[in-house]
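Trainee: Before we turn to the model, could you show me how to read a helix and its aromatic neighbours?

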Amino acid sequence: MLNKLFKCITVLALSFGVALPFSFNAQAATSPDVDFIDVSHHNSELGLPLAFYQTIKSADVNSVVVKVSEGTYYVDPAASVNIANAKQAGLIVNAYHYARFTSNASAKAEADWFDKKLQLVGFDKEKDGYVVVDVEDNSLPSSPSKLTEYTNTFINEMKSLGYNRVDVYSGSYFYNNRLQPKALSVSKPWLAAYPINPMKNQPTANFSNGIGAWQWSQSYRFIGMNEYGNFDVSEDYAGKYTTKTSPEQEISKNVKTIKTISLIDYLKSKNIDSSFKNREKLANQYGIVDYSGTRAQNLALLSKLKSGLKPAKTNITNSKLTTDTSITTTPATYTVRNGDTLSEIAVKFNTTVSKLKSLNGLNNANLIYVGQKLKISGASQTNSGTNYYTVKKGDVLSQIASKYNTTVSALQSLNNLKNANVIYVGQKLKVSGSTSNSTASKYYVIKTGDTLSELAIKYGTTVNKLQSLNHIKNANNIYVGEKIQLK
């Protein structure tokens, strides 16, 4: 593993037989291993492609932990694609839930929600790895004994639902100060601590109840794949995430490959309607949201269909399959807790600091107190005449403008922004109309005989631009039915 940290290696993107230049971030020989990574829609809005997972698998990354859900109102929109493509590459697949519980009842409800959504996105409790409860949010109960009790309730409920491999993730400080480690029903947790100079086998996390896994960086980049941004990476000491932990669990030592067949050809071979409308319907049944025919989505859906996996019997319409984590039934008020800030509350309820100030007659956004009841009613409602976007980590105004088919100057004007380079996470921006459902001018569905060079000429662009927009490594590898972005 460590030898691969210093030099570019060439591995096969085995899903299509394309050679990709690839290496890990250059590090000292004493740096920790990248035994596993964790992923969510922040790495790729609609899920990471099979080639990505095959590439990291070939470089000795053994496992992935996929974000699936949060609270009782949210499913990560990339979860189904990430799970399917990671499995196809031969990685051990684990899954996590971001905790919001404030009582035993809500902890049980969140576990039940997690279970239903695990089924929706194709996680197999027998053949896949650990399910993890992520306990780190500052809004969780401040009493260590109570939060520990609620966490145990969540864990016990998951076990009663048939999940025998359950773990806890948290930050090192949070784990040792906001929880009672010795009173938790699981030991050897997965903890985060990010030293300036991390060293192999020298975790800086305080493992006060057994050494599990150490998340040692949250800004790791895979060279050659910068489009996917930063990754959280971990070194596994207890072997929970990177070794076989049950007789039924399926482990692959080598990178898995698939036969080259398009989703459309497969559907036709089975006498199934291969129209875009039906593919979109099938994708939705398997928890693949915002289906647009991307390579990652098509390969994920194809793998689910070929495996014979049946769609989960769960309430998809209530799954909140979106990157907008606002609670569907926003309460009318919120009681300020210790450590709260108005900006964090605004982000939590998908509103703005200025709106909360206006609703509550606050002159100073920094002056709120524990126990104060704040009005937030209507904060998560969408005005039918105005569309909004909440800025996420890594966003830039030009990308947001492209997403909503507008311009940077128009967004600056709508939001009174003097500097296009100054936006912040949690900021709620007005956008000039929602993303268009009409894909005639932005997207094109590949037909028999098409080539990328012909499409570039036809739509007044370049092959390089089309490759960049659609993460296509080899301009000769496009397939019938694939939906590519044109601008």
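Mentor: A residue is called buried under 20% relative accessible area, exposed over 50% and partly exposed in between, with a 1.4 Å probe and protein chains only, while helices (H or I, at least four residues) and strands (E, at least two) are DSSP runs numbered from the N terminus. This is a predicted model, in which local features need pLDDT of at least 70, side-chain atom pairs count only at pLDDT 80 or more, and totals for chains, interfaces and linings use all residues. Residues are numbered from 1 along each chain as its sequence is written, and side-chain values use heavy atoms, with hydrogens and water left out.

Trainee: Which residues of helix α7 are buried, and why do they line one face?

Mentor: An α-helix has 3.6 residues a turn, so residues three or four places apart point the same way. In α7 (residues 276-285) the buried residues are N278, R279, L282 and A283; seen down the axis they fall within an arc of 140°, so they line one face of the helix, the arc being that of the directions from the helix axis to the C-beta atoms. The face turned away from the buried side of α7 carries the exposed K277 and K281.

Trainee: How is an aromatic pair described?

Mentor: By the distance of the ring centres and the angle of the planes. Rings of Phe, Tyr and Trp (its six-membered ring) pair if their centres lie within 6.5 Å, and planes under 30 degrees apart count as stacked, over 60 as edge-to-face and the rest as tilted. By this rule the count comes to 15 aromatic pairs. The centres of F52 and Y53 are 5.3 Å apart with planes at 75°, so this pair is edge-to-face.
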